[in-house]
Amino acid sequence: MSATLVVAAVEDRAALAIESLSLSFGGVMALSGIDLTVAPGEIRAVIGPNGAGKSSLINVVSGLYRPDHGRVWLGGRSFAAVPTDRLAALGVARTFQNLALFKGLSVLDNVAVGLNHGFRAGVFAQIAGLPGARRERAAAQERAAAVLDFFHLTDMRDRLVGTLSYGVQKRVELARAVVARPRLLLLDEPMAGMTLTEKRELTGFIRAIRDELQATIVLIEHDIGVVMGLSDRVAVLDYGRLIGDGTPEAIRANQAVIDAYLGVAHDLEAGEGI
Amino acid sequence: MDLSFFTEVLVGGLLSGVMYSLVAIGFVLIYKTSGVLNFAQGSLLLFSALTFVSLIERGLPFWAGILITLAAMTAIGALIERVVLRPLVNQPPITLFMATLGVSYVIEGAAQLLWGTQVHGLDLGIDDRPLEISGVFVSTFDLFAAGVAGAMVAVLILFFRYTGIGLGFRAVADDPLAALSLGLRLDRIGTAVWTAAGMVALVAGLLWGARLGVQFSLSLVVLKALPVLVLGGFDSIAGAIVGGLIIGAVEKLAEVYIGPFFGGGIEGWIAYVAALGFLLVRPAGLFGQKLVERV
Amino acid sequence: MSDIAIKTGRRSLPGLSPQAFGVAALLAIAFGVVPLVGSEYLFDALLTPFLVLSLAGLGLNLLTGYTGQVSLGSSAFMAVGAYAACNLAFRLPGLPFLVDLVAAGVIAAAVGLVFGLPSLRLRGFYLAVSTLAAQFFVQWVFNKIGWFSNDSASGIVTPPPLSIAGIAVTSPVGRYLFTLSVVVAVTALVWRLVRSPTGSALIAVRDHETAARVIGIPVLRTKLLAFAVSSFVIGIAGVLWAFAYLRNVEPAGFNLDRSFQILFIVIIGGLASLRGAFLGAALIVIFPLGLARLGDALLGGLFDSGVLEMSQRVVLGLLIIVFLIAEPAGLSALVDRMTRRITPWITPWITAGRA
């Protein structure tokens with residue numbers, strides 16, 4: 001397969017490579033034969049109608065789904081099934097389509113807990129307040145506070161997240177994802193349900209994350225305006241197949257994409273959420 | 001190993017397993033519609049048996065006793081649903097569970113305040129003579145109980161398949177929000193389900209009461225139904241039946257063949273260990289489909 | 001519950017927050033005033049069981065309230081703690097009691113770890129029901145295997161009298177003070193735990209397991225840790241139950257009703273609240289005693305004890321239902337609201353007292 005050869009050639013410098021990936025649920029193909037390579041530092045959008053397999057793709061990359069076929073390359077290593085437990089250690093972070101915050105924790109703790117995986121001190125050291133444990137914790141709190149500052153969340157650091165508005169909660173989730181300085185960030189519909197102002201603000205944040213962390217960002221998004229303005233390249237899924245992949249300009253001109261998706265984008269936008 | 005003795009133990013176990021299924025079905029009905037693990041099912045069973053026995057002892061004819069008890073069970077079921085569970089809607093499942101535990105305390109206490117704490121015999125008029133079927137001895141009473149349980153399951157299936165309320169129940173169990181948007185009266189379905197659970201409790205209460213005597217410990221038969229539910233799934237009537245058979249058989253076989261090595265008395269926990277062991281091999285349970293977590 | 005209040009409290013002792021001030025005042029009263037004014041009845045029938053059950057509630061709250069794993073078998077771990085301490089005291093008489101105490105807790109933690117294994121596969125009610133395996137198995141073991149109860153025919157074991165560092169603790173007030181000290185010490189450790197990053201991990205696993213896994217929290221290890229620590233605390237409560245409260249141990253004392261009682265304490269007190277365990281235990285211990293007294297006073301002699309017991313059961317059930325409906329978040333939330341109302345009124349008073 002020529003696609004495999006291409007992947008093999010670039011895997012060592014790709015932030016993420018997906019190789020002939022297929023996934024099905026009870027006989028229904030969610031993804032079939034997807035090949036995708038994401039370069040380091042790139043903002044890559046994945047678009048497509050509802051049910052096209054976008055979320056499934058991110059769930060496979062973060063190990064929540066186990067693909068039927070194919071491999072995922074992360075940080076130069078290849079996986080038949082990505083180990084979710086080691087995701088953070090591999091430098092991968094993600095947000096969820098539906099909010100996935102820890103309602104019983106404050107904003108600061110929601111973000112700080114994203115650094116737990118790097119701690120060396122055990123639970124006894126933490127209870128006893130040994131110097132190592134205290135240093136780690138202080139450093140984590142400091143880093144989390146800095147991230148809150150970056151996302152203009154400092155005023156709410158001690159509030160329980162359940163008491164915050166939807167848009168703010170989305171921002172907290174983004175803060176939690178970036179706190180450990182991931183090299184690859186997967187965003188599943190970060191703009192869904194946001195106002196125009198919030199979307200504009202978030203677009204700025206995503207660019208800033210890429211620039212400050214030199215992170216690679218893969219995002220699923222419905223808002224074509226946002227996607228075209230923000231991404232370096234765009235991949236288009238339809239019925240689990242990759243029907244287009246290229247720069248925003250190339251995608252705009254791609255007939256298959258226009259037929260499947262762009263031509264009816266407005267209908268889709270209007271019909272979303274039903 | 002003596003094969004006919006083994007068969008006898010196995011059949012005895014399967015038949016007592018039917019009795020477990022009977023209790024488990026009461027749980028399933030309520031769990032499917034409201035997501036509540038109704039711990040009060042055992043106390044309902046006790047209450048129904050105690051009420052029936054006391055009425056008979058006061059000279060009422062059998063059918064009058066049945067009807068009055070059924071009316072009482074219906075009223076209690078509806079009352080629990082309206083007074084206790086409806087105000088707690090949207091609370092976490094553990095809170096609802098606790099509430100049903102509170103209900104079970106109230107019913108157990110009230111039943112005994114009302115009818116006294118002494119043990120009553122309950123004679124359903126069935127001889128418990130062992131019946132010989134091709135060399136294997138089977139308890140007549142167990143056979144009768146299995147027959148009644150089977151009939152009750154058939155009635156439930158007909159009810160849920162062919163009546164309006166039954167169809168509503170299935171809709172609610174599948175998707176409460178969609179059912180609501182279709183204009184189904186959830187409250188009426190809730191009441192109907194609790195009534196059905198009360199009826200199941202009556203049947204189970206009479207059978208268990210006839211076997212063990214009607215007394216406080218009757219409410220503890222829930223502890224026999226719980227491993228059945230773990231095995232068969234809290235939301236599957238078929239699971240409750242098959243699970244009950246498996247648990248009944250395993251329990252009896254273990255009691256006879258393994259129990260002596262441990263000094264006996266293992267029936268208190270062997271069902272739980274068996275159910276857990278099974279789930280280790282098949283995490284999805286007997287009939288559970290593998291759920292895809294939507295994230 | 002605010003983080004800020006706790007931080008300032010830790011940094012400089014004189015700058016006590018109202019909350020820390022309240023805890024300090026309570027401790028001063030419990031250690032300094034109550035032993036002087038209390039009666040034997042107060043210590044033996046109310047305060048000691050209240051403290052022990054608070055500790056058990058605290059242990060279960062770690063597992064159920066903080067980590068979201070429902071257990072219906074708590075009293076099994078009390079039993080393990082109680083029997084372990086008795087056997088250590090009988091078989092290794094040279095060991096100081098405090099070593100027995102901690103060792104019994106560790107043994108309970110180990111048993112809890114084993115019975116926590118199903119939590120790696122099961123969730124919700126499936127897990128809750130599977131914890132009943134612990135309840136019935138442990139009770140059976142202590143009933144059946146004579147070795148654990150020194151082959152006593154009745155299965156009842158009388159632990160040796162309490163003695164700390166060579167000083168016999170025999171008076172009700174002594175047992176109360178010992179229980180209080182242990183409960184305060186363990187509560188402090190638990191407080192440190194829930195405030196630590198690991199405490200955040202417990203809540204993360206409870207609130208969103210998938211998200212917790214994705215950010216690198218070892219979900220399975222965290223659940224097992226919760227089972228172990230929770231069982232440790234409950235095991236310590238079992239030791240106190242055996243040595244300081246009842247002064248005898250029998251399997252029937254650790255039955256399913258006891259497990260439900262501990263669960264009530266947690267739910268009525270408030271999930272994921274340390275204070276809730278104490279509030280819930282206070283209600284559960286004081287209420288039945290009060291009811292029994294009331295029943296005696298009003299209807300004394302009219303009814304037999306069976307009737308009284310049954311009416312107690314009815315009223316306890318009603319109490320649970322009414323509480324759940326009126327205050328599903330538990331007594332702790334109620335106290336929170338009351339404190340918020342009172343705080344502006346007493347803060348100047350505290351400040352004045354300090355100046």
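Me: What makes the radius of gyration of chain A agree with a compact globule?
Reply: The radius here is taken over C-alpha atoms, and the globule rule is 2.2 Å times the number of residues to the power 0.38. For 274 residues a compact globule would come out near 19 Å, and chain A has 19 Å, so the two agree. Along the principal axes, the C-alpha atoms of chain A fill a box of roughly 60 × 40 × 35 Å. Keep in mind that this is a predicted model, where local features need pLDDT of at least 70, side-chain atom pairs count only at pLDDT 80 or more, and totals for chains, interfaces and linings use all residues. As for labels, residues are numbered from 1 along each chain as its sequence is written, while chains are lettered from A and ligands numbered from 1 in the order in which they are written.

Me: And how do you know that chain B agrees with the rule?
Reply: Chain B has 295 residues, for which a compact globule would be near 19 Å; the chain has 19 Å, so it agrees. Its C-alpha trace spans about 60 × 55 × 35 Å along the principal axes.

Me: Why is A30(A) called buried?
Reply: A residue is buried if 20 or more other C-beta atoms lie within 10 Å of its own, exposed if 12 or fewer, and partly exposed in between, with C-beta atoms placed from the backbone. A30(A) has 24 C-beta neighbours inside 10 Å, so it counts as buried. Buried residues make up 46% of chain A, and 48% of chain B.

Me: What is A30(A) in contact with, leaving aside its neighbours within four places in sequence?
Reply: Contact means that two C-beta atoms, placed from the backbone, lie within 7 Å. On that basis A30(A) is in contact with L23(A), S24(A), F25(A), G53(A), S56(A) and G240(A). A30(A) itself lies in strand β2 of chain A.

Me: What makes β2 and β5 of chain A edge strands?
Reply: Strands (E, at least two residues) and helices (H or I, at least four) are DSSP runs numbered from the N terminus, and two strands pair if DSSP finds at least two bridges between them. The open sheet of four strands has the order β2-β1-β4-β5 (chain A), with antiparallel pairing. β2 (28-38) and β5 (77-79) each have a single partner strand, so one side of each is left without a neighbour in the sheet.

Me: How do you know that β1 and β4 of chain A are paired?
Reply: Pairing takes at least two bridges, and five join β1 (residues 16-25) to β4 (residues 69-74), running antiparallel. One residue to look at is S22(A), whose bridge partner in β4(A) is H69(A).

Me: Which residues count as nonpolar on the side of chain C that touches chain B, and how many are there?
Reply: Ala, Val, Leu, Ile, Met, Phe, Trp, Tyr, Cys and Pro count as nonpolar, Asp, Glu, Lys and Arg as charged, and the others, Gly among them, as polar. The contact takes 32 residues from chain C and 39 from chain B. α14(C) gives the largest share of the chain C side, 13 residues. That side divides into 23 nonpolar, six polar and three charged.

Me: What about the side of chain A that touches chain C?
Reply: Here 30 residues of chain A are in contact with 26 residues of chain C. The chain A side divides into 15 nonpolar, eight polar and seven charged.
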